[in-house]
Amino acid sequence: MSSLPPTPPSTTDTNSQEEEGNIFSKYYSQLSHQQNMLTDHVRTKTYQQSFFKNTLDFQGKDCLDVGTGSGILAFFCVQAGAKEVWGVEMSRITIAAKKLVQSNNLSSKIHIVKGKMEEVELPKKVDVIVSEPLGFLLVHERMLESYITGRDRYLKPGGKMFPSNSTIYTAPFTDDNLYMETVSKSDFWCNSDFMGVDLSALHETSMEEAFGQPVVGYFHPDILLSEDRGTHFVDFMTVTHEALKNFEIDFSHSITKTAVCHGIACWFDCDFSGSQETVVLKTGPEAPGTHWYQCRLMFREPLAVNKGQTLNGTLTFRANDSFSYDVNVKAGIDCSPRIETENMVFLQDQHYHYLYAEESAVDAQGQGHVRGNEGQV
């Protein structure tokens, strides 16, 4: 065995423990992924504007940024007048965040703390907690749980949270091309003579896998089959861990056109409710595009629906060990006899679908909306 020089400490080795148990820690430690979020202009500008339009909540106040990442929200807190900010982050992106703090001469105001929100010890409670804990369909990645842990441990009575609450929306959709594309993924497994091997025993398993993937991407609002929206409201000021781990979204939609319904489309809005204004981050198909896109949960067996009929059902969310959710999709048509369909979707197995050019984002530089004033903020 040849003699090798001593190996310098590896950043990867010294930080390996942080990535055990959380598949997103390594992902968010990469600058390329931080850049992807920072350059989502709708997202980043909406956060900044929500702070700037509520400076009374920040001026001279102590703040906590849960999952600070590059530290951008901590910088926005200071820009809005915060006295001090503690940015908590479990991944090794803290190294980059500290460099930015130092190079911007803000070491006396912004303190980057490496660790889990559930474990770190901060010197005091804070007046404001900020965070970007949002996954696609709001809850994927399960970071909302860390956000409310920060609330429970460190928010003073009467303190503010940015964002303050969120609403998930649902609507039925039709998309024959997407459905046929999903079915065709399993065509290979119909092969009864692949080099002398019959693969067809796995066709059904392949179909379950294909329809178990949520479809993440933009779609045109014209594919929606109802003007009704199912909703699920989450108040970050009061929601419990248990309520985030298991919940249901009931929906009832009056069908506006005869078509084949291929599933349920979902998206979310977030409110930043300050003392001065409420700023809204929108991610729906009629809003400017974001890196959250929208999400579609497919029916394995589509439903033929007629104008005037009612499609109703339930999305049942159960938190899983992949920092995401298993979602049971159950829907039916109110007719006699009732016709139903049911499918299980696993949010962590998302399929990104980019075939549709995002035409609905008429203003790619959109910056959210102020409630009561639909002009751009």
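A residue is called buried when its relative accessible area is under 20% and exposed when that area is over 50%, with partly exposed in between. The model described here is predicted.

Helix α4, residues 31-38, shows how these terms are used. Its residues H33, Q34 and M37 are buried. Around the helix axis they cover an arc of only 105°, so they lie on the same side of α4. The exposed residues L31 and Q35 sit on the face of α4 turned away from that buried side. An α-helix has 3.6 residues a turn, so residues three or four places apart point the same way.

Next comes a sheet. Strands of a sheet pair through backbone hydrogen bonds, either parallel or antiparallel. Here 5 strands form an open sheet in the order β3-β2-β1-β4-β5, and their pairing is parallel. The strands at the edges are β3 and β5 (155-162); each has a single partner strand, so one side of each is left without a neighbour in the sheet. Direction ignored, neighbouring strands of the sheet are turned by 25° against each other on average. In β3, I110 is the bridge partner of V85. Helix α8 packs on the sheet and touches β1 (62-66), β4 and β5. The direction of α8 makes about 155° with that of β5.

Charged side chains are the next topic. Side chains of opposite charge can pair when their charged atoms come close. The whole structure contains 11 salt bridges. In one of them E132 pairs with R43, and the closest N and O atoms are 2.8 Å apart. This pair links distant parts of the chain: E132 is in the loop between β4 (126-131) and α8 (144-154), while R43 is in helix α5 (residues 41-52), 89 residues apart. Both E132 and R43 are buried.

Another salt bridge joins R153 and E121, with 3.1 Å between the closest N and O atoms. R153 belongs to helix α8 and E121 to the loop between β3 (110-114) and β4, so this pair ties together parts that are 32 residues apart in sequence. How accessible are R153 and E121? With a relative accessible area of 24%, R153 is partly exposed, whereas E121, at 65%, counts as exposed.

R338 and E340 also meet in a salt bridge, 2.7 Å from N to O. R338 is partly exposed at 34% relative accessibility, and E340 is partly exposed at 44%. Salt bridges that share partners join D334, R338 and E340 into one network.

The last topic is the nonpolar interior. In soluble globular proteins, nonpolar side chains tend to be buried together. Which members of the largest nonpolar core touch the most other members? They are L64, L297, L315, F317 and L347, out of 81 residues in that core. Strand β10 (residues 259-273) gives the most to this core, with 7 residues. Leaving aside residues up to four places away in sequence, F317 touches several residues, including L137, V139, F247, I249, V327 and L347. The contacts of F317 also include K245, N246 and D326.

How values were computed. Residues numbered from 1 in each chain as written. Predicted model: local features only at pLDDT ≥ 70, side-chain atom pairs only at ≥ 80, totals over all residues. Heavy atoms only, no water. Salt bridge = Lys/Arg side-chain N within 4 Å of Asp/Glu carboxyl O. Helix = DSSP H or I, 4+ residues; strand = E, 2+ residues; numbered from the N terminus. Buried < 20%, exposed > 50% of the residue type's maximum accessible area, 1.4 Å probe, protein only. Arc of directions from axis to C-beta. Pairing = 2+ DSSP bridges. Axes fitted to C-alpha atoms, helices over the stretch in contact; angles between N-to-C directions. Contact = heavy atoms within 4.5 Å. Core = buried A, V, L, I, M, F, W, Y, C linked by side-chain atoms within 4.5 Å.
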